[in-house]
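Subject: Structure handover

Hello,

Here is the structure I said I would pass on. Please look it over first; my notes follow below.

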Amino acid sequence: MSNIKLKNILATKTSYGVITKGIYIIDGEEYLIKGNSGEGKLEPYSEGLVSVINEILGNYSISYSIMDKNLFKEVKVYNGCNHVSVCKKHKNNLYQYADYL
């Protein structure tokens with residue numbers, strides 16, 4: 001991933017806090033990048049783990065991976081979490097992630 005550009009940044013209020021989300025263009029493809037909601041909250045890890053479990057079980061789910069938080073400076077990540085969750089846009093021009101539709 002050599003070419004990362006911010007397209008849009010937004011914040012979503014949750015019951016635990018605010019999750020910063022960014023739409024980024026990475027090597028010409030669009031991705032949703034999400035931080036965590038607060039101190040000690042580890043949403044990126046749980047989203048990545050659930051994606052792996054669903055893939056193993058053969059279940060359809062929104063697919064997330066995790067990446068180093070330092071690649072996405074505009075996305076807020078609180079202490080205790082060193083990664084962000086990453087979700088790629090589908091080729092059919094629909095977003096894979098439900099909370100951005």
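**The core**

The largest nonpolar core holds 11 residues: Y24, I26, Y31, I33, M67, F72, V75, V77, C81, V84 and V86. A nonpolar core here is a set of buried Ala, Val, Leu, Ile, Met, Phe, Trp, Tyr and Cys residues joined through side-chain atoms within 4.5 Å. Buried means under 20% relative accessible area, exposed means over 50%, and partly exposed lies in between (1.4 Å probe, protein chains only). Three strands, β2 (18–26), β3 (29–34) and β5 (83–88), each supply at least two residues of this core. Strands (E, at least two residues) and helices (H or I, at least four) are DSSP runs, numbered from the N terminus. In soluble globular proteins, nonpolar side chains tend to be buried together.

**How to read the model**

This is a predicted model: local features need pLDDT of at least 70, side-chain atom pairs count only at pLDDT 80 or more, and totals for chains, interfaces and linings use all residues. Residues are numbered from 1 along each chain as its sequence is written, and side-chain values use heavy atoms, with hydrogens and water left out.

**The sheet**

Five strands form an open sheet in the order β1-β2-β3-β5-β4, with antiparallel pairing. The edge strands are β1 and β4 (65–68), and each pairs on one side only. Two strands pair if DSSP finds at least two bridges between them. Neighbouring strands of this sheet are turned by 30 degrees against each other on average, direction ignored. For such angles, axes are lines fitted to C-alpha atoms (for helices, over the stretch in contact), and angles run from 0 to 180 degrees between N-to-C directions. Strands β4 and β5 run antiparallel and are joined by 4 bridges. D68 has H83, in β5, as its bridge partner.

**Salt bridges**

A search of the whole structure finds 4 salt bridges. The term means a side-chain nitrogen of Lys or Arg within 4 Å of a carboxyl oxygen of Asp or Glu.

- E30 bridges to K7, with the closest N and O atoms 2.9 Å apart. E30 lies in strand β3 and K7 in strand β1 (residues 4–13), so this pair ties together parts 23 residues apart in sequence. E30 is buried at 10% relative accessibility, while K7 is exposed at 52%.
- K88 and E29 meet at 3.0 Å, N to O. K88 sits in strand β5 and E29 in strand β3, so the pair links distant parts of the chain, 59 residues apart. K88 is partly exposed at 31%, and E29 is partly exposed at 33%.
- E30 also bridges to K89, with the closest N and O atoms 4.0 Å apart. K89 lies in the segment after β5. K89 counts as buried, at 17% relative accessibility.

Shared partners join K7, E30 and K89 into one network.

**A surface patch**

Which residues form a nonpolar patch on the surface? They are L49, V52, I53, I56 and L57, with about 510 Å² of accessible area together. Patch residues have over 30% relative accessible area and no salt bridge; nonpolar side chains (Val, Leu, Ile, Met, Phe, Trp, Tyr) are joined within 5 Å, like charges within 9 Å. Accessible areas come from the Shrake-Rupley method with a 1.4 Å probe; for residues, only the protein chains shown count as cover. I56 is found in helix α1 (residues 43–57). I56 counts as exposed, at 68% relative accessibility.

Best wishes
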